[in-house]
Amino acid sequence: MRPLPSDPLPGPDLVAAVTAELAGPVETWVPLRGGRTNRVWRMAGAAGDLVLKLYLPGAETPLFPNDPEAEFRILSRLAPAGLAPSPVARLKGAFGHALIYRFLEGPTWDRDLVAMARLLHRVHGMAPPQGLGPLPSGSAELRAQARGILSRCRGAADPALARLETRVAARPAVPPCAAPRLIHRDPVAGNVIDTARGPVLIDWQCPALGDPCEDLAIVLSPFMQRAYLGHLLTEDEAATFLAAYPDAETVARYRRLAPFFHWRMAAYALWCEENGRDAGPTDRAREISAAARLA
């Protein structure tokens with residue numbers, strides 16, 4: 001997915017709101033170009049080194065909502081545990097919704113799969129804030145999600161997708177998650193900052209109560225790896241990631257659900273391709289292939 005172009009400065013109404021909230025002007029603005037959903041700037045001034053995130057209307061996708069209120073609540077809950085940046089303020093005005101939080105120094109995550117697995121397990125063990133919606137889980141609901149995505153696609157009649165659906169439908173059913181947990185929902189490489197104190201998750205605009213297998217599936221999605229990591233994980237690397245996740249029961253459940261996750265992601269890759277979100281037939285084919293190997 002192609003990074004959004006970033007304006008050199010936010011609009012004047014947003015700059016005014018930031019200045020009023022921080023009780024002083026921002027001295028420097030630096031567009032951050034990693035985002036693919038919202039506009040983000042690093043800003044420095046008397047209030048310190050901060051990030052301004054402007055939520056764009058209509059930026060949500062069939063898999064990833066864009067909820068500023070949920071993100072602020074999550075940051076408030078998880079920042080003390082070192083799992084999210086520290087929130088400073090929420091802003092609302094003619095510009096829409098925006099969030100200010102403390103900047104995290106460090107590179108984005110690359111290949112420390114053990115650290116990623118342990119980070120997600122810590123998140124899954126945290127008590128969620130109130131108000132998070134439940135996420136569909138289990139094989140039947142994943143199939144329904146995939147069909148819902150395909151219903152929005154012109155190329156839904158792709159024979160490869162149809163053949164895969166038949167194979168996936170023949171898999172043993174997996175019931176919904178009995179104990180939903182807090183999940184990030186989008187733990188791609190660009191959303192993990194490797195700070196001096198350890199990895200921290202950013203971009204919490206689509207958290208949910210759901211199956212922790214959701215987060216494992218995003219890390220192990222070839223489409224998400226290509227789009228955000230820039231290369232594909234090897235089979236050994238994927239095995240290392242799963243072996244490092246401390247909950248063997250969740251890993252076993254993920255293995256049962258993996259064909260359904262890959263089929264849903266193949267449907268999502270088609271939607272992204274048709275909606276100009278830097279996806280192509282190869283992304284869809286890789287997800288189909290991954291599902292077929294496991295189905």
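In this predicted model, strands β4 and β5 form a hairpin with 2 residues between them. The two strands, β4 covering residues 87–93 and β5 covering residues 96–102, run antiparallel and are joined by 6 bridges.

The phi angle of Ala23 is near 55 degrees, a positive value in a residue other than glycine. Most residues other than glycine have a negative phi. Ala23 counts as exposed because its relative accessibility is 74%, where the threshold for that class is over 50%. A positive phi of about 55 degrees is also found at Asp278, which is not a glycine either. Asp278 belongs to the loop between α9 and α10. With a relative accessible area of 29%, Asp278 is partly exposed.

Aromatic side chains provide the next topic. A pair of aromatic rings is described by the distance of the centres and the angle of the planes. The structure holds 4 aromatic pairs. In one of them, the rings of Phe64 and Tyr268 have centres 5.6 Å apart and planes at 85 degrees, so the arrangement is edge-to-face, the class for angles over 60 degrees. This pair links distant parts of the chain, since Phe64 sits in the loop between β3 (48–55) and α2 (68–78), Tyr268 sits in helix α9 (residues 248–274), and 204 residues separate them. Phe64 counts as buried because its relative accessibility is 11%, and Tyr268 is likewise buried, at 0%; the limit for this class is under 20%.

Another aromatic pair is formed by Tyr254 and Phe261, and its geometry is stacked, with 6.2 Å from centre to centre and 20 degrees between the planes. Tyr254 counts as buried at 6% relative accessibility, and Phe261 counts as buried at 5%. Phe64 and Tyr268 also take part in an aromatic cluster, which they form together with Phe223 and Trp271.

The account now turns to empty space within the model. Rolling a probe the size of a water molecule over the atoms shows where such space is left. The structure holds 4 cavities of 30 Å³ or more, and the largest cavity has a volume of about 80 Å³. Its lining consists of Trp109, Met116, Pro187, Val188, Ala189, Ile218, Val219, Met224, Gln225, Leu229 and Leu233. By class, the lining of the largest cavity comprises 10 nonpolar residues, 1 polar residue and no charged residues.

Helix α7 also contributes to the second largest pocket: α7, α8 (235–244), α9 and α10 (281–294) each supply at least two residues of the lining of this pocket. The second largest pocket contains about 530 Å³ of space. Its lining comprises 18 residues, and those nearest the centre of the pocket are Glu235, Ala238, His262, Arg293 and Leu294. What classes of residue make up the lining of the second largest pocket? The lining divides into 11 nonpolar, 3 polar and 4 charged residues. For the lining of the largest cavity, by contrast, the count of charged residues is none.

Key
Residues are numbered from 1 along each chain as its sequence is written. This is a predicted model: local features need pLDDT of at least 70, side-chain atom pairs count only at pLDDT 80 or more; totals for chains, interfaces and linings use all residues. Side-chain values use heavy atoms; hydrogens and water are left out. On a 1 Å grid over the protein atoms alone, a cavity is a set of points where a 1.4 Å probe fits but cannot get out, and a pocket is an open set with protein on both sides within 12 Å along at least five of seven lines; lining residues have an atom within 4 Å of a point. Grid points are joined across faces, edges and corners, and a volume is the space filled by probe spheres set on the points. Ala, Val, Leu, Ile, Met, Phe, Trp, Tyr, Cys and Pro count as nonpolar, Asp, Glu, Lys and Arg as charged, and the others, Gly among them, as polar. Rings of Phe, Tyr and Trp (its six-membered ring) pair if their centres lie within 6.5 Å; planes under 30 degrees apart count as stacked, over 60 as edge-to-face and the rest as tilted. Helices (H or I, at least four residues) and strands (E, at least two) are DSSP runs, numbered from the N terminus. Buried means under 20% relative accessible area, exposed over 50%, partly exposed in between (1.4 Å probe, protein chains only). Two strands pair if DSSP finds at least two bridges between them.
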